[in-house]
Amino acid sequence: MEQNFHQAFLVALNSPQRDFALLNAMLEESYAAKPALFDTHREDSVCEAINHETIDWSSGYFALQVRSLEHNFSLERAQHLIALSQWLTEQQHDGFLAPPAAHKDNGNKNMNNNETTTFTPGQSLLAALESGSLNRLRSALVAELENNRLDAQTVRQAMKWAESRATGLFADYEENTLALGFEADKSKWDVDYYNLQSAYLVMNFSRERFEHLIDIYQVLRDRAVSGFVHQPKAAPRPASAPTASAPHSPTPAPGTPVHQSGSTSALRVAALAGGALAALALLIFALL
């Protein structure tokens with residue numbers, strides 16, 4: 001698996017859509033989270049020494065460092081390759097094309113879809129979308145709803161983000177014997193009603209039903225009902241500290257990633273960039 005990570009890094013580094021600053025940030029976050037992904041740096045007869053003098057940098061030197069990285073994937077060498085690639089690109093050396101800036105210009109997107117472009121999805125949502133399974137993505141959305149560290153606005157943004165990227169995510173709203181309508185009297189909204197509407201959502205996963213669940217959840221939260229109370233993100237704590245689950249939350253389906261509140265920002269941004277950067281980010285998520 002680590003070998004796949006090494007190969008994915010080189011693909012991302014050589015991709016026309018590469019982003020040097022983002023690649024550096026991704027490496028640093030990966031190293032901080034799991035140093036075992038990297039080798040101890042070494043320089044010997046097999047691994048070329050790092051030369052910081054730009055006057056000696058060339059396409060040939062880049063090739064030597066790539067070959068050395070295959071034998072010694074150290075953080076120092078990987079970062080050196082990023083700096084080397086950036087310099088060769090800026091100097092317009094043969095074989096080094098400038099990354100297009102189109103993916104950085106979100107002006108038009110923000111005009112039409114500001115909420116989804118400013119929203120940063122969690123690991124579970126990203127992995128669910130990547131899986132291509134609508135059921136898994138739907139489960140991830142419900143998990144976002146029942147994550148007491150998230151507020152209603154964030155859940156709505158997650159819903160819109162997922163809907164804009166997955167065709168057929170929501171079914172048409174319908175009522176039948178297995179999925180009844182809504183109770184208009186909010187005084188009757190309680191935990192039993194929430195659980196009942198959750199069951200109806202399974203039978204008819206429509207946008208209207210999901211939004212109704214968000215409303216119910218918020219009402220129960222406002223009433224400080226046990227299991228629904230908002231819990232803002234706490235200060236960083238040891239990784240071994242367990243995270244309590246809400247009493248009413250369903251057990252995640254097999255293979256569903258566990259949501260981590262201490263998310264990695266650069267990796268999430270990269271996952272949204274698309275192409276080789278996204279592939280590298282998702283692979284790192286799987287390794288962490």
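Predicted model: local features only at pLDDT ≥ 70, side-chain atom pairs only at ≥ 80, totals over all residues.
Local features were taken at pLDDT of at least 70 and side-chain atom pairs only at pLDDT 80 or more, whereas totals for chains, interfaces and linings use all residues. Residues are numbered from 1 along each chain as its sequence is written, and side-chain values rest on heavy atoms, with hydrogens and water left out.

The protein chain contains twelve helices and zero strands, these being DSSP runs (helices H or I, at least four residues; strands E, at least two) numbered from the N terminus. Of the 288 residues in the protein chain, 40% are buried, that is, under 20% relative accessible area with a 1.4 Å probe, protein chains only.

The largest nonpolar core comprises 69 residues, and Phe5, Phe9, Phe210 and Leu280 have the most contacts inside it; such a core is a set of buried Ala, Val, Leu, Ile, Met, Phe, Trp, Tyr and Cys residues joined through side-chain atoms within 4.5 Å. Helix H12 (residues 275–287) gives the most to this core, with nine residues. Apart from its neighbours within four places in sequence, Leu280 is in contact with Phe5, Ala8, Phe9, Ala12, Leu23 and Met26, where contact means heavy atoms within 4.5 Å.

The axes of helix H6 (residues 123–131) and helix H7 (residues 134–145) come within 8 Å and cross at roughly 165°, axes being lines fitted to C-alpha atoms over the stretch in contact, with angles from 0 to 180 degrees between N-to-C directions. H6 and H7 are therefore roughly antiparallel to each other, a term for angles over 145 degrees. Ser124, Leu125, Ala127, Ala128, Leu129 and Ser131 in H6 meet Arg136, Leu137, Ala140, Leu141 and Glu144 in H7.

How values were computed:
Buried < 20%, exposed > 50% of the residue type's maximum accessible area, 1.4 Å probe, protein only. Parallel < 35°, antiparallel > 145°, perpendicular 65-115°, else oblique.
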